[in-house]
Amino acid sequence: MNTAVDKHFLDAASSKHLDWLESEAIHIMREVAAECSNPALLFSGGKDSVVLLRLAEKAFRPGKFPFPLVHIDTGHNFDEVIQFRDKRVAELGERLIVGHVEDSMKRGTVRLRNPQTDSRNAAQAVTLLETIAEHKFDACIGGARRDEEKARAKERIFSFRDEFGQWNPKAQRPELWDLYNTRVHPGENMRVFPISNWTELDVWQYIAREKLELPSIYFAHQRQVIPRNGLLVPLTPLTPAREGETVETQTVRFRTVGDISCTCPVSSDADSVSAIIAETAVTQITERGATRMDDQTSEASMEKRKKEGYF
């Protein structure tokens with residue numbers, strides 16, 4: 001079999017695989033719309049939530065989405081991502097609700113030792129729970145995937161949260177034959193993950209197929225970084241160089257985006273979706289393992305945060 005034929009069969013298999021993942025995700029979104037009384041879709045401007053928006057378009061257009069978009073803003077996000085978020089929401093003509101960690105700090109429900117420089121990533125859980133309570137959401141759709149991290153691999157597609165917004169990994173509901181138990185009492189809610197079964201490679205292949213636009217920081221660019229503990233910390237006012245550290249200018253890209261204080265780029269010259277797909281296909285390090293400072297404190301870091309209400 002020659003190379004051209006090999007490529008044809010590989011492309012066909014990849015397309016069929018993406019079709020199956022897309023169909024499952026659309027079914028899950030429609031299940032949320034049918035079974036939940038007041039759902040929301042979390043949209044940060046990151047690649048996974050961009051994919052969710054396309055899936056929502058396929059599930060519900062030409063009508064409006066049966067839920068608002070929600071973003072929990074730490075106030076320490078990359079400008080490129082926030083600008084992209086607002087642009088995409090305007091293009092869709094959908095409603096965006098923004099919960100601000102700054103507002104939680106003013107209320108005194110979030111307290112940081114140094115509010116100007118401390119990471120606000122974990123504090124998002126408090127603001128998210130307050131936003132859920134304020135708007136009485138009974139389900140929040142998010143872009144978490146099982147391949148990202150061990151704690152996320154434990155979750156069901158419909159992940160139950162109690163009246164305190166907490167997750168108990170030992171008290172999850174069975175999901176046999178793709179049947180989902182969506183019942184919740186007042187104050188309880190579901191976190192729903194339509195792309196739970198996708199991998200990082202699946203996400204990028206879907207982005208390529210659907211020709212989806214992304215924030216520019218996902219692609220290779222020059223940036224000043226600080227090598228630290230095996231990561232490349234971006235040089236910003238929130239993440240300055242420490243005594244004895246050196247600042248380097250490198251060609252990097254972000255595999256994931258989040259709070260500036262805990263999100264790092266990786267060394268890469270992949271400046272297109274096709275180049276990123278080729279790079280992702282051979283990487284042996286998970287995207288959070290390669291880019292998130294907050295996941296390096298211990299193997300249980302994410303699970304602890306999720307039990308406290310983190311998405």
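How much space lies in the second largest cavity? About 40 Å³ lies there, a cavity being a set of points on a 1 Å grid over the protein atoms alone where a 1.4 Å probe fits but cannot get out. This is a predicted model, in which local features need pLDDT of at least 70 and side-chain atom pairs count only at pLDDT 80 or more, while totals for chains, interfaces and linings use all residues. Residues are numbered from 1 along each chain as its sequence is written, and side-chain values use heavy atoms, with hydrogens and water left out.

To display the lining of this cavity, select F158, S159, F160, W167, N168, A171, Q172 and R173, where lining residues have an atom within 4 Å of a point.

Next, select R54 and E210, whose side chains meet in a salt bridge at 3.0 Å, N to O, a salt bridge being a side-chain nitrogen of Lys or Arg within 4 Å of a carboxyl oxygen of Asp or Glu. The pair links distant parts of the chain, with R54 in helix α2 (residues 47-60) and E210 in helix α7 (residues 200-210), 156 residues apart. R54 is buried at 18% relative accessible area, as is E210 at 14%, buried meaning under 20%, exposed over 50% and partly exposed in between, with a 1.4 Å probe and protein chains only.

Then move to R253 and E279, where the salt bridge spans 2.8 Å, N to O. R253 lies in strand β9 (residues 248-253) and E279 in helix α8 (residues 273-282), so this pair ties together parts 26 residues apart in sequence. R253 is buried at 1% relative accessibility, whereas E279 is partly exposed at 25%.

Conventions: On a 1 Å grid over the protein atoms alone, a cavity is a set of points where a 1.4 Å probe fits but cannot get out, and a pocket is an open set with protein on both sides within 12 Å along at least five of seven lines; lining residues have an atom within 4 Å of a point. Grid points are joined across faces, edges and corners, and a volume is the space filled by probe spheres set on the points. Helices (H or I, at least four residues) and strands (E, at least two) are DSSP runs, numbered from the N terminus.
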